[in-house]
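Please keep the sequence and the 3D view open as you read.

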Amino acid sequence: MAGIVERIKRFAQSPQGRRATEQARRAASDPRRRAQAQRLLGKFRGGRR
């Protein structure tokens, strides 16, 4: 399990990881994208019942 965490840390610190993080931040700040993500999460949560 520690290997996975280390790989995630290395990715997050890489230039590609930084770009992905910044892209996710921009998407999260957009109200339309936020609503889209909420609907998607609702589908996953609703499907497990």
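Let us begin with Arg-33, which has its place in helix 3; helices (H or I, at least four residues) and strands (E, at least two) are DSSP runs, numbered from the N terminus. This is a predicted model, in which local features need pLDDT of at least 70 and side-chain atom pairs count only at pLDDT 80 or more, while totals for chains, interfaces and linings use all residues. Residues are numbered from 1 along each chain as its sequence is written, and side-chain values use heavy atoms, with hydrogens and water left out.

Is Arg-33 buried, partly exposed or exposed? Its relative accessibility is 47%, so Arg-33 counts as partly exposed; buried means under 20% relative accessible area, exposed over 50%, and partly exposed in between (1.4 Å probe, protein chains only).

## Ala-27 in helix 2

Ala-27 belongs to helix 2. With a relative accessibility of 31%, Ala-27 counts as partly exposed. Which residues does Ala-27 contact, leaving aside its neighbours within four places in sequence? They are Arg-33 and Arg-34, where contact means heavy atoms within 4.5 Å.

## Helix 1 meets helix 2

Two packed helices are described by the angle between their axes and the distance between the axes. Here the axes of helix 1 and helix 2 (residues 15–29) come within 4 Å and cross at roughly 80°. Axes are lines fitted to C-alpha atoms, for helices over the stretch in contact, and angles run from 0 to 180 degrees between N-to-C directions. Helix 1 and helix 2 are therefore roughly perpendicular to each other (65 to 115 degrees; under 35 counts as roughly parallel, over 145 as roughly antiparallel and the rest as oblique). On the helix 1 side, the contact is made by Phe-11, Ala-12 and Gln-13, and helix 2 brings Pro-15, Gln-16, Gly-17, Arg-18 and Ala-20. Four of the contact residues are nonpolar, three polar and one charged.

Gly-3 also lies in helix 1. At 44% relative accessibility, Gly-3 counts as partly exposed. Gly-3 and Arg-39 are 36 residues apart along the chain, and 32 Å separates their C-alpha atoms.

## The whole chain

The protein chain has three helices and zero strands. Its C-alpha trace spans about 35 × 30 × 10 Å along its principal axes. Of the 49 residues, 4% are buried. The chain exposes about 4,900 Å², with carbon and sulfur atoms supplying 55% of it; these areas come from the Shrake-Rupley method with a 1.4 Å probe.

How confident is the predictor? The average pLDDT (confidence in each residue, from 0 to 100) is 89 for the protein chain, and 92% of the residues score at least 70. Confidence is highest in helix 1 (residues 2–13), at a mean of 93, and lowest in helix 3 (residues 31–47), at 88.

Note on methods
pLDDT = per-residue confidence, 0-100. Nonpolar A, V, L, I, M, F, W, Y, C, P; charged D, E, K, R; others polar.
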